[in-house]
Amino acid sequence: MFFRVLEWVELAKRILFACLVVLLSACASNPPVVVAPKPVVVPPMLKPEPPKWSESNLLSFHDQWKGTPYRLGGLSRNGIDCSGFVYLAYLDIVGEKLPRSVNAQCTLGKDVPRHQLDIGDLVFFKTGRTTRHVGIYMGQDKFLHASTKKGVKISSLNNVYWKPRYWFAKRLTKPTEQQNMSLASLVDYAKQYNLQD
């Protein structure tokens, strides 16, 4: 029996030794290395730059609207007025809203001397004691506008009619919230003048 106890003690020692070896080898070995995937660099979302004014994009806009007749308060191909035409051109080409009337548009931006006009500048004219007209400068002394007699067309600043009526020009560098006009105010404007297409 004594030998049996010694065998059990010997067996217990071996088991204990084996457990210690397993425990110590687990502590001593390098744990598996988990490699994190490389982070994917996503470029920040940038607001796309609005298209710049150019003679070609103004000519393209002119081609879309050429021959559209003049109609006070109009804002469609059935008829359009000068400030409505500028409003739609600015919205289409630059992607920003302007006020709808000539009187409001002439308060925007900064004054530009006639000899420093650049493509996209707004040109204003005094066509009567209280009436005003607006167009978009295209370069080479030409401007795009909705004329009362011939509708949407390109005219020269040196034309015998327009030259003496030239008033001033404005450059709109960046629109502000004050320049934005809500859809509700456009609807009110249309109701005020009983405009329907």
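Tutor: Among contacts between residues at least 6 apart in sequence, 55% join residues at least 24 apart. Contact means heavy atoms within 4.5 Å. This is a predicted model, in which local features need pLDDT of at least 70 and side-chain atom pairs count only at pLDDT 80 or more, while totals for chains, interfaces and linings use all residues. Residues are numbered from 1 along each chain as its sequence is written, and side-chain values use heavy atoms, with hydrogens and water left out.

The chain has five helices and eight strands. Both are DSSP runs numbered from the N terminus: helices are H or I with at least four residues, strands E with at least two. Their order from the N terminus is α-α-β-β-α-α-β-β-β-β-β-β-α. Of the 197 residues, 34% are buried. Buried means under 20% relative accessible area, exposed means over 50%, and partly exposed lies in between (1.4 Å probe, protein chains only). The chain exposes about 13,500 Å², and carbon and sulfur atoms supply 60% of that. Such areas come from the Shrake-Rupley method with a 1.4 Å probe; for residues, only the protein chains shown count as cover.

An α-helix has 3.6 residues a turn, so residues three or four places apart point the same way.

What covers the buried face?

Two packed helices are described by the angle between their axes and the distance between the axes. Here the axes of helix 2 and helix 3 come within 11 Å and cross at roughly 125°. Axes are lines fitted to C-alpha atoms, for helices over the stretch in contact, and angles run from 0 to 180 degrees between N-to-C directions. Helix 2 and helix 3 are therefore oblique to each other. Under 35 degrees counts as roughly parallel, over 145 as roughly antiparallel, 65 to 115 as roughly perpendicular, and the rest as oblique. The crossing is right-handed. That is the name when the near helix is turned clockwise from the far one by less than a right angle; anticlockwise is left-handed. From helix 2, Asn 57, Leu 58, Phe 61 and Trp 65 take part. They meet Phe 85, Leu 88, Ala 89, Asp 92 and Ile 93 in helix 3.

What comes after helix 2? Gly 67 follows, with a positive phi near 85°. Thr 68 sits in the loop between helix 2 and strand 1. Thr 68 is buried, with a relative accessible area of 5%. Leaving out residues up to four places away in sequence, Thr 68 touches Ser 76, Arg 77, Gly 79, Ile 80, Gly 151 and Val 152.
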